[in-house]
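These are my notes from going through one model, entry by entry.

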Amino acid sequence: MTKNIVVIGGGITGLTAAYRLEQAARESNGQLSYTLLEASPRLGGKIRTLYKDGFIIERGPDSFLERKTSAAELCKEIGLEDELVRNTTGQSYVLIDETLHPIPKGAVMGVPTSFRPFITSKMFTPVGKLRASADIFIPKSNETGDQSVGAFFRRRLGDQVVDHLIEPLLSGIYGGNIDRLSLFATFPQFYEVEQKKRSLILGMKQSRTKPLQKKKGQFLTLKNGLETIVERLAEELTLGDIRTGMAVTDVERNGDRYDVHTEEGVIQADGVIFAAGHRNLSEVIKDEAIVQPIVDMPSASLATVAMAFREEAVEGLKDGTGFVVSKKSDYDITACTWTQKKWPHTTPEGHVLLRAYVGKPGNEGIIEQSDDAIVGIALHDLKKVIQIHEAPLFSVVTRWRQATPQYVVGHKERIEQLKSALNEHYLRFVLAGSSYDGLGLPDCITQANKAAETMLSFVQDKKILS
Ligand SMILES: Cc1cc2nc3c(=O)[nH]c(=O)nc-3n(C[C@H](O)[C@H](O)[C@H](O)COP(=O)(O)OP(=O)(O)OC[C@H]3O[C@@H](n4cnc5c(N)ncnc54)[C@H](O)[C@@H]3O)c2cc1C
């Protein structure tokens, strides 16, 4: 009998998992089928590209890290190799009070690994620098359990380096509050460095094999926008039953199988890949004891504000690609990218495309204001550091409510508990996606690959597929 796997969620995670099932289904002689159920009317989840007046505007993610290879590999596999574009590198800044400070060369996620740029930086006071240098002498901590990223770096490098550099850089990736963020779930490598080398500065310096040089861009995107991946993956899914606008309301065990409930009826599944977020998981698994580890897991909200200008309208953009904002300074924006510099292919000649973020912890309500109000707030903040002489030609505000799962201290342990409870009571119900083992697109793709592999090994073990 044909075995059916249901994938819940049609973001990059669900689409990648479905693509792996498609490949297996093609070789299964009709023994394997799959269904992809996506609640919203479109596939892609957080990947959303807008094409307007010659601009390519990413409303959600704009690129992925090349170093985590799964995303670039997937692009190559689905025929998009020639469309990959690397970011232009350039100086990045941190906005502190009313000054854009260059991020010191050699800083790895904010940890100084080169003395001169750090000592000469005006970003820190002499006392701040002295306190950071104490890292060289401070003994390693006896802490063996998880701890917050904030607490860890404050202990080693002091508050100023954290507030002026590490926090603005990390909250651009993880949102939320770094004094609650789990070290083990985000940057376990820094914990390892402390354990092995004691000093972060010396340890990171030793692990940096090459002398400082102009780096090539570390991020990749697609020349026609990230949504190209979504379109290509969707084209590949020829054997599956792909349904958008169909939210799963409940998943119930039914003997050896699952009943997947939607508003339009029940779909029978031999296995489920759950590729939606933790908030959705606690809606569809009604067994509170199982989802207990993640019911209180927070998520952060933010909005992106893309603003297109004539080139003449904007002056004073420093060389480089943009800035992040220190939370201690009085701004509503948290970052801004000079998109036409970082990604020249996105912007027609003679124009500027600024993309700002709003919605820092404690100020997330800002995203509920009107589009005009949010654009006004972003312009007001930007005008403190650059000159903007004209209104934008157009602007695009995108709200991301409760969109960034927060990996707070103890995250890894809670996800292990959740997975082992599912393994015990919901065998062949596999989790993947940004709520669980990594937020970035490559992390999601890696999880999807593993989830599909696990699911296929379950069915193969049962000799369902030859
Ligand atoms: C503004 C922003 C910028 C970002 N920038 C970057 C970046 O530059 N680089 C990077 O690597 N990462 C970035 N990220 C993170 C990355 O975009 C996400 O982690 C990733 O896209 C999540 O993919 P996913 O498939 O796991 O989840 P999602 O994209 O959220 O997809 C989950 C899908 O499940 C569906 N769903 C939910 N409940 C149900 C249900 N009950 N039934 C059926 N379907 C359901 C949802 O509608 C959704 O489509 C960014 C995120 C945001 C918000």
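Where is the place of Asn87? I looked this up in the predicted model, and found Asn87 in the loop between strand S6 (84–86) and strand S7 (92–96). With a relative accessibility of 10%, which is under the 20% limit, Asn87 counts as buried. I then took the C-alpha distance from Asn87 to Pro344, and it came to 8.5 Å, although 257 residues separate the two in sequence.

Ser28 is buried, its relative accessible area being 3%, and its side chain reaches the backbone oxygen of Ala25 at 2.9 Å. Asn29, by contrast, counts as exposed at 70% relative accessibility. I also noted the backbone of Asn29, whose phi is near 50 degrees, a positive value in a residue other than glycine.

**Entry: another positive phi**

I found a phi near 50 degrees for Asp53 too, again a positive value in a residue that is not glycine. Asp53 sits in the loop between strand S3 (49–52) and strand S4 (55–58), and with a relative accessible area of 57% it is exposed.

Is Ser435 buried or exposed? I read a relative accessibility of 2% for Ser435, so it counts as buried. Ser435 belongs to the loop between strand S22 (429–431) and H16, and its side chain is joined to that of His278 by a polar contact of 2.7 Å.

Ile374 has its place in helix H14 (residues 371–382), where it is buried with a relative accessible area of 0%. The C-alpha atoms of Ile374 and Val305 are 7.7 Å apart in space, and the two residues are 69 apart in sequence.

**Entry: the ligand and its shell**

Which residues come nearest to the ligand? I counted 32 residues around the ligand, and of these Thr13, Glu38, Lys46, Ser63 and Leu439 come nearest. I then went through polar atoms that face ligand oxygens: a polar side-chain atom of Glu38 lies 2.6 Å from one oxygen atom of the ligand, a polar backbone atom of Leu441 is 2.7 Å from a ligand oxygen, and for Asp62 a backbone N or O atom lies 3.2 Å from an oxygen atom of the ligand. Taken on its own the ligand has 1,000 Å² of accessible area, of which the protein covers 85%.

The elements that give two or more residues to this shell are helix H1 (12–26), strand S15 (299–310) and helix H16 (441–461), and H16 gives the most, with three residues. Sorted by class, the shell has 17 nonpolar, 12 polar and three charged residues. I also asked why the ligand can be said to lie between two domains. Domain 1 (3–41 + 226–297 + 407–461) and domain 2 (63–90 + 299–405) both give residues to the shell, so the ligand lies between them.

**Entry: the largest nonpolar core**

My last entry concerns packing. In soluble globular proteins, nonpolar side chains tend to be buried together. Here the largest nonpolar core holds 61 residues, and those that touch the most other members are Phe153, Leu157, Val260, Phe274, Leu281 and Phe429. Helix H6 (residues 159–174) gives the most to this core, namely six residues. Because both domain 1 (3–41 + 226–297 + 407–461) and domain 3 (106–207) give residues to the core, I noted that it lies between these two domains.

Notes
Residues numbered from 1 in each chain as written. Predicted model: local features only at pLDDT ≥ 70, side-chain atom pairs only at ≥ 80, totals over all residues. Heavy atoms only, no water. Near = heavy atom within 4 Å. Polar contact = N/O pair within 3.5 Å; in protein donor to acceptor, adjacent residues only side chain to side chain. Areas by Shrake-Rupley, 256 points an atom, 1.4 Å probe, with all protein chains shown as cover. Helix = DSSP H or I, 4+ residues; strand = E, 2+ residues; numbered from the N terminus. Nonpolar A, V, L, I, M, F, W, Y, C, P; charged D, E, K, R; others polar. Domains from an automatic or database assignment. Core = buried A, V, L, I, M, F, W, Y, C linked by side-chain atoms within 4.5 Å. Buried < 20%, exposed > 50% of the residue type's maximum accessible area, 1.4 Å probe, protein only.
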